[in-house]
Amino acid sequence: MTDLALPARVRRLRRPGSAGTTVAVVVLAGVVAAALLAPVLWPLDQSAVDLSRTRLAPSADHLAGTDDLGRDVAVRSLYGLRVSLLVGAVAALVAAVIGGLVGALAGSVGGWVDRALMRVVDTVAALPHLLLGIFIVAMLRPGLGAVIASIALTHWLSTARIVRSELLSLRHRPFVDAAISGGASRARVLTRHLLPHVLPRLALATTLMVPHAVWHETALSFLGLGLPPHLASIGNMINDGQRSLLTGAWWASIVPGLLLVAATLALAVLTGRWRDRLDPRVRAELHL
C-alpha cells in the first residue's frame, strides 16, 4: 500500500518530525499548565525567606533545591516562567500591531510613503536590539510596562516587512482589481480583501516572536533592568543563582535556565511546523 492510499492522519503520523511535534506539544502544554496553576497549587510569598534552609540540594522536599535565601527553586522557576511567558506574549502582540500597521500602510499606499517607512525599518534594524532595548528601559520608569515597551519597540520590524511584502504581492491580483472596479474604497479593499489573506502570516510571525521576546525579557532581567529583584523572574533567578555556582549550588541557576530552554524550544518546534504547513511548496512536498 502506498502512502497516498493511507488516510491523511496516518500519513501525518508517519512523517519524520511528527514524534518531535508530539513531544513539543506535551512539553509545552505541561510547562505552561504548571506555570499557570502555580499560584493555586503552590502559593508563594515572593518576599519570604528561610535562612535555615539555604542552598539545599534537590530532594523529595525540594525537587530543585533551594536558593541562597531558602526559597524553593522549582516553585519560583514556575512563577518566573509565568511572568516571562506573559511578558513575551503581550510584547509580541503589541509588536505585531505596530508592525502590522506600518506594513499595511507601506504596502497599501506605496510610493514615497512606502520608501520612507522602509528606510525607518532599515535604520532601526541596523541597531543592536538588546542595546536599543536597554536604552528604552533606561528612558522609561523601570517595571513591567517598560520591559514590554522595550521588547515591542525592537521586535516589530520583521512583522512590518512580512505584511508589506504580502500586500505588495496581492494588490495587483484580479480580485483586487475587480473590487476597485466595483467602486470599493481603498480602505474597504484593504480590510475586506487584503488583510484576510495576510492574517495567517501575521499570526505565525507573532507566534514566532514570542520565544525571542521571552529571551529578551530574560536578558533584561539578568542585567537588572527587568522586574524588581525580589520577584520571581527567570532572568532574576539566573542572575541570583550565579552567586551560588561558586559554592556548588548549581541548581539555583541551571534549573530555571533549563525550564526556559524547554518551553521556548518546544514553542519554536511547533511554530516551525505551522510555518511549514503554511508554505505552499512544503505542503506540496508533504502531499497535504
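A residue is called buried here when its relative accessible area is under 20%, exposed when that area is over 50%, and partly exposed in between, with a 1.4 Å probe and protein chains only. By that criterion, 40% of the 288 residues of the chain count as buried. The model is a predicted one, in which local features need pLDDT of at least 70 and side-chain atom pairs count only at pLDDT 80 or more, whereas totals for chains, interfaces and linings use all residues. Residues are numbered from 1 along each chain as its sequence is written, and side-chain values use heavy atoms, with hydrogens and water left out.

The secondary structure consists of twelve helices and zero strands, where helices (H or I, at least four residues) and strands (E, at least two) are DSSP runs numbered from the N terminus. Among contacts (heavy atoms within 4.5 Å) between residues at least 6 apart in sequence, 67% join residues at least 24 apart.

Spanning residues 73-109, H3 has 37 residues and reaches 53 Å from its first C-alpha to its last, close to the 54 Å expected at 1.5 Å a residue, the expected span being 1.5 Å times one less than the number of residues. Just after H3, Gly 110 takes a positive phi of about 75 degrees.

Leaving aside neighbours within four places in sequence, Val 121 is in contact with Trp 156, Leu 157, Ala 160 and Arg 161.

Aromatic rings of Phe, Tyr and Trp (its six-membered ring) pair if their centres lie within 6.5 Å, and planes under 30 degrees apart count as stacked, over 60 as edge-to-face and the rest as tilted. The count comes to one aromatic pair, formed edge-to-face by Trp 250 and Trp 251, at 5.6 Å centre to centre and with 80 degrees between the planes. Trp 250 counts as partly exposed because its relative accessibility is 45%, whereas Trp 251 counts as buried because its relative accessibility is 7%.
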